[in-house]
Structures are given as C-alpha cells and as structure tokens.
Amino acid sequence: MIILPVSELRPGMTLYQSVFAEHGTFLLKSGTVLTPQLIQKVRNFSIPRVAVTGLTPLHSVTIPQDIVHDYTKQEALLALSSSLENFRSSGIFFIQDLQDAVYKIIEEIFTNNGQALIQMNNVRSHDSYTLVHSINVAVLATFLGIINKLSLSDLKELTLGALLHDVGKNCIPENILNKKEPLTNDEFTLIKNHPLDSLSALKKAGCFSESIMSIASQHHEKIDGSGYPFHLKDKQIHPFAKMVSIADVFDALTSERAYKRAYKPHIAYNIMSLHSPNSFQSDYLQKFFDNIAIYPVGSVVKLNIGIAIVSKVFPEAVLTPIVKVFADNDCHKLKTSLTLDLAQERGVSIDCVYSDKELYNLYTTMDFDPQTLL
C-alpha cells in the first residue's frame, strides 16, 4: 500500500482504502480499479492523496477485510449528520437512526472479531474530518469494548457516546477547526471548551444517559490528571470515556488534517505507548494495540538485514509480522524473496517503515513494485 498524490495516479491502479469527500460523503470504495474518469472525479472533489495497492496497474492484491463495511459507515455518517442538523434547527435529537447505526456497528464487529485486525483508517479530505472521525472513533471504541467483554447494553451506550463525543465541535467555526496556522490563545481555549459544549448539548437534548454524557465531557481527561476540562484522575474518569479517549487519539494521529499529514500506525503506537504512558489506562491500551495492525499488510519496512514487505499480521503479535524480504540493505533486489516470521527470527528486527515518498523513490530506483509479492 502506498499513499500517492492524485497527480501520480494512473488508470489501472487499485484503491487500497475507501475515500470520503466533503462532509463525509462516500466517494469510492476500496478495491475500485481507477479509470481516467474516476481519477478526474477524485480531482474534482479536491482529495489531495489516496491510498493504492501499489504502482503496478492491474496487479491484483488481496485487500485486508475491514472490521466494519463501508456502507455501514456511510449509513452512520448520514444518521449522525441528519441528527446534528435537526438538533441545530430544533434543539431535538431524533436518535432512532443513530440507534440503528449503533446496532449495525456492534453487530458487524461481533461478526468480524477474531477474523480481522484493524488495518488502517479511511482516507478523506480534512473538510470531512469531524463527522468521519466520529464514526471511526465509534468503531475503534466499540472494538475495544468488545475485547474487554462489555455487555450488549454497555456496548450500545459506549458506541452511541463515541458517535456523539464531539457534538460540541458544532459550535466551533470550520475556519478554526481546519486552520493551518498555529491557533491563537482564544482559538485554543474555544477548542478546549468543546467537551463542555458537548455536555451542554446532550443535557439540553434531555434523552441521554449519564455514561453517554460522561464520554462527551471526559474523553480528553488523562490518567495522571493533566487532561481537561476537569483534570480528573484515573478512577474519577468513566471507563467508557477512557476507551473513547484511546480511540479518539489514535484516529486523530492517523488522520490527515488541514495542518498535518497522517501518522502511520507505528508512529501512533510509539506516541501513545511510549510517550504518553500516563495518559491512558494501561490494560485498555495494551488490548487495543494487541489488535491494531501496527505494521499493516503491504507496509514496506527496513530490517537490520534488508528490505521487506509485510505479508501477514496476527493479533497479539502485531510487532512481529510475517514479511517477505526482497532486497538487501543496498537496495539490490534478491533473486528470490525470503519469507520470515519475525516472531521466530532472533536477531532480525524492524528498523523503520518507509514513508510514501521514500517508497515511491525506492520503487522507481529498483524498477520493482514489492506489492506484486503479495
């Protein structure tokens, strides 16, 4: 998998990830083979970059199964969008569609749990961030709830709370949410007030439980008390808010915004596990990353013995995937690729993951697309 600028797309390339456009509109699904017309469609929607399986047109690659289908995410997007619009106009939440979306998300994750790691997030323009982010957070938090064996009634609360955790951001102008330059102190204060704005909106609606309102108000709290808005510590924070916090930060780190590029999953893992050890509940965080493909299938990695592509990843062994080594450390292609299970290979380790720009240069220098090995 490689994320390319739209200008580098060629007919015959296959989308690795689904693409969402402005305001969460579903544009193209993963597995779509690009045509000149579809490439122009992506340009027309001002999508800056998309993920494709590789640079080799018409090469068939098996795309890892997503834990929730695209059409389910799209239904949830439409339900959330219409619910928020109705609340803005009338002050009333009609939540039946949201509850239907919650049930479908839970049902699909239950069905796929144990069969698919969470591989990557969808690519979307930054204009759609708030809505699509809420859907992704709901999916990630629900998955975390399921592997922590929450009851069905608790899962419904968790998923609905995750969908609505950022409802207060509707009070913030888009030019501030999508600002490329550093925020002023007043703008940053406005952003930090969104958990309180979310709580206020849900209280005003009058139809949400205390746990859902706790998710909205507490998802930026941290275990060590350094979060906001209440500076709560550890057991003062609702367990559901702790789960949503993990999902929220991971999706934020791995998403593209107006002011930043998306981090790859291993960078998000390093930031959350190594640099923020007092921010999250440790057992929740460990279970979460045991089931996230930190090195997703198709990632090209530099080993201490050469260059390889990740071919398989397994739960609870996400740091030691199965790889196919295709070149030595000097970028000389091997005559035959070498398959290694890093969980079994002592002394073999991943040094780094190639960035998309580095990948493009590697592919063109070697005149070889390692995705053909998958």
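Colleague: What volume does the largest cavity have?

Modeller: Please keep in mind that this is a predicted model. In it, the largest cavity has a volume of about 100 Å³, and the structure holds two cavities of 30 Å³ or more.

Colleague: Which residues are the closest to the centre of the largest cavity?

Modeller: The lining of the largest cavity is made by 14 residues, and the closest to its centre are Met1, Lys264, Pro296, Ser299 and Val353. If you sort the lining of this cavity by class, you find ten nonpolar residues, three polar and one charged.

Colleague: OK, and pockets? What volume does the largest pocket have?

Modeller: The largest pocket has a volume of about 640 Å³. Its lining consists of 25 residues, of which Lys169, Ile191, Ala252, Arg257 and Tyr259 are the closest to the centre.

Colleague: Which helices supply at least two residues of that lining each?

Modeller: Those are helix H4 (129-147), helix H6 (174-177), helix H7 (185-192) and helix H10 (239-253). Helix H10 gives the most to the lining of the largest pocket, with four residues.

Colleague: And how many charged residues are in the lining of the largest pocket?

Modeller: There are eight charged residues in the lining of the largest pocket, together with 13 nonpolar and four polar ones.

Colleague: Switching topic to the sheet of five strands: what order do its strands have?

Modeller: The order is E9-E8-E7-E6-E10, in an open sheet with antiparallel pairing. Strand E9 (333-341) and strand E10 (350-353) stand at the edges and have a single partner strand each, so one side of each is left without a neighbour in the sheet. On average, neighbouring strands of this sheet are turned by 35° against each other, direction ignored.

Colleague: What holds strands of a sheet together in general?

Modeller: In general, the strands of a sheet pair through backbone hydrogen bonds, and the pairing can be parallel or antiparallel.

Colleague: Back to this sheet, then. How many bridges are there between E6 and E10?

Modeller: Strand E6 (residues 300-303) pairs with E10 over three bridges in the antiparallel sense, and Leu303 stands opposite Ile350 in E10. Five bridges join strand E8 (residues 322-327) to E9, and these two strands run antiparallel. Within that pairing, Ile322 has Asp341 in E9 as its bridge partner.

Colleague: Which residue takes a positive phi in the hairpin of E8 and E9?

Modeller: That is Cys331, with a positive phi near 65°, in a hairpin that has five residues between the strands.

Colleague: Last topic, the aromatic rings. How many aromatic pairs does a search of the whole structure find?

Modeller: The search finds seven aromatic pairs. In the pair of Phe250 and Phe289, the ring centres are 6.0 Å apart and the planes stand at 70°, so the pair is edge-to-face. This pair links distant parts of the chain, since Phe250 is in helix H10 and Phe289 is in helix H12 (residues 282-290), 39 residues apart.

Colleague: Are Phe250 and Phe289 buried or exposed?

Modeller: Phe250 has a relative accessible area of 4% and is therefore buried, and Phe289 counts as buried at 3% relative accessibility; the cut-off for buried is under 20%. Phe289 also forms an edge-to-face pair with Phe288, at 5.3 Å centre to centre and 75° between the planes, and Phe288 is buried as well.

Colleague: Which residues form one aromatic cluster with Phe250?

Modeller: Phe250 forms one aromatic cluster together with Tyr269, Phe288 and Phe289.

Definitions and conventions:
Residues are numbered from 1 along each chain as its sequence is written. This is a predicted model: local features need pLDDT of at least 70, side-chain atom pairs count only at pLDDT 80 or more; totals for chains, interfaces and linings use all residues. Side-chain values use heavy atoms; hydrogens and water are left out. On a 1 Å grid over the protein atoms alone, a cavity is a set of points where a 1.4 Å probe fits but cannot get out, and a pocket is an open set with protein on both sides within 12 Å along at least five of seven lines; lining residues have an atom within 4 Å of a point. Grid points are joined across faces, edges and corners, and a volume is the space filled by probe spheres set on the points. Ala, Val, Leu, Ile, Met, Phe, Trp, Tyr, Cys and Pro count as nonpolar, Asp, Glu, Lys and Arg as charged, and the others, Gly among them, as polar. Two strands pair if DSSP finds at least two bridges between them. Axes are lines fitted to C-alpha atoms, for helices over the stretch in contact, and angles run from 0 to 180 degrees between N-to-C directions. Rings of Phe, Tyr and Trp (its six-membered ring) pair if their centres lie within 6.5 Å; planes under 30 degrees apart count as stacked, over 60 as edge-to-face and the rest as tilted. Buried means under 20% relative accessible area, exposed over 50%, partly exposed in between (1.4 Å probe, protein chains only).
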